[in-house]
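Biologist: Could you walk me through this one slowly? I'm new to reading structures.
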Amino acid sequence: MSARAAGTVVDPFARFPSLPADGYATHEVMNQATPLTGHNAFTDDRLLTEIAFREEIGWADGLLTDAGATVASAHVAKLARDANRSLPELRSHDRFGNRIDQIDFHPAWHELMSLAIGHGTHALSWTARQPGAHVARGVLSYLWNQGENGICCPLGMTYSAVPALRLQPELAAVWEPFILSTRYDATPGPLHAKTGGTVGMTLTEKQAGSDLRATQTTARPAGPRRGPGEAYLIDGHKWFFSVPHSDVFVTLAQTDRGLSCFLLPGWLPDGSRNRLMIQRLKDKCGNKSNASSEIEYRGALGWLIGEEGQGVKAALAMTHLTRLDFAIGSAGLMRRALSEAIHHTSGRRAFQRTLIDQPLMQNVIADMALEVEAATLLAFRLARAVDDEQAGDATAALLVRIGTPVGKYWNCKRAVGVVHEALECHGGNGFVEEGPMARLYREAPLNGIWEGSGNIIALDVLRAAARSPQSVPAFLDEVRLAKGGDHHLDRVIDRLEAELRWPEEHEGRARRIVEKMAVALQASLLIRFSPSAVADAFCATRLGDDGGAVYGSLPAGLDQRAIVERARMTPAIEAAHAGL
């Protein structure tokens, strides 16, 4: 009788030899950089820690150190990857046909939100009650924009909504503790049923774009009209409705007294959805993990914020801070791209040398490092001006008014080139979706569109110069603090004074003027606060005639190695070298 017939199990591999333990690999993988994780994006960043020390925010060191470790962890890298692979989905109806307008996210999105909100990234400016609170919160935003940009939209809008909300104290008393909570709650539902919530902002319409006064959405009093804080019923549409799963929204609508600003809850006290119907989610080039939508209001309940007919003024109380956050966030995005480029080129060899030690690659990295340091200093100088403005400094208020759109315009524009060049440093590896560079590349142009595209922001700078004449001297006085430090800057200051004397005559050249303003202020900050190797190289190439049209065209005679070494996230880079 055979073994099979007898029911005996015969091992089919019994007659074959065992394979060697390493036989699965076809070859040894060599000369590949490791993932950039495991460092601390705050404590290992020389520039960022210098800013924190100079701005005297030591009271936040523990929080910022924890955020820096979290953002740079392998866990957050995986969460960001997962949140961008499994995109938000709209569920307009439940299984029984009831309209619910709910958005489902991958759990990674909610965990990222929970981590960032737990750090107070949306709230620290308003809850810390410490000097430099806007700077400290700015550091958190700078860090989390290196972790996952998709969550930074709701964080930034929640942060910036507070001044608009405070225009209506009785509404602020109810909503402010809720939106400033550091206990994230993803459950769809009304305020009283949740531990905390986020704010969305919805201004743009199909026919209007950035021309807010062309808004067609209408609002009518829900009862007797008695003034600010009263309930209204809102009808209309919004073309870009940011973060439609938020708990409460700032929106604009026309009343018979003009364009007005309203606070509109996402859910009503009985747990039902407010009367806003999500038509579809936008299929966007980048910012994939975040949901953006088109919606219709059909008698949605909202409360008037500020004076009726003064909606643009009320909305500006919010948009001013969102623009600051985009300047900070764009600098953080550039910092992440630069860190990835330094890490990769330090961990890969060609022609018997690491890439970063080859003169041309070192030139590219050093040139990008100049841009990142300048963008970072610009963003945090504006954050400090907001702190000073909150303390009652009238000159700081003028600098905020004209400087914030300058910073928003320039940092958002420069982010695109820096991220593109950093991706190219990776070669083909940079274009592969498994790494972070492809995602950063798609993110780079976005901040330049949010809260006003380049033309709108550049014209806003000229508008500030014309309507607040003292803002120009305030800006120039800030730049002049470094006068005499570099002859290139001294020449630029003289030219700026002449051009800003009649700002309303320069609409067609607004971009060029704002560029000059941004670079002059960056140069001033670098001369005052950065090593001479960085400041001298920036002034020579951005203000003089020694710069090229692309990164990597620094002239001879500059200390490129010193610039690169300053920009390293040192512990992670040393580990990369050790693995070669």
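Modeller: The expected span of a helix is 1.5 Å times one less than its number of residues. This is a predicted model, where local features need pLDDT of at least 70, side-chain atom pairs count only at pLDDT 80 or more, and totals for chains, interfaces and linings use all residues. Residues are numbered from 1 along each chain as its sequence is written, and side-chain values use heavy atoms, with hydrogens and water left out.

Biologist: How many Å does helix α11 reach from its first C-alpha to its last?
Modeller: α11 covers residues 394-425, which is 32 residues. At 1.5 Å a residue you'd expect 46 Å, and the reach is close to that: 45 Å.

Biologist: At which residue does α11 bend?
Modeller: A bend is the angle between axes fitted to the seven residues ending at a residue and the seven starting there. In α11 that angle is about 35°, and a proline, Pro 405, follows within four residues of the spot. The bend sits at Gly 403.

Biologist: Why is strand β6 largely enclosed by the rest of the structure?
Modeller: Buried means under 20% relative accessible area, exposed over 50%, partly exposed in between (1.4 Å probe, protein chains only). Val 248 and Leu 252 are among those pointing one way from β6, Phe 249 and Thr 255 among those pointing the other, and all are buried. So β6 (residues 248-255) is largely enclosed because of its buried residues: eight of the eight.

Biologist: In which sense do β6 and strand β7 pair?
Modeller: Two strands pair if DSSP finds at least two bridges between them. A hairpin joins β6 to β7 through two residues, and Thr 251 has Phe 262 in β7 as its bridge partner. Over eight bridges, the sense is antiparallel.
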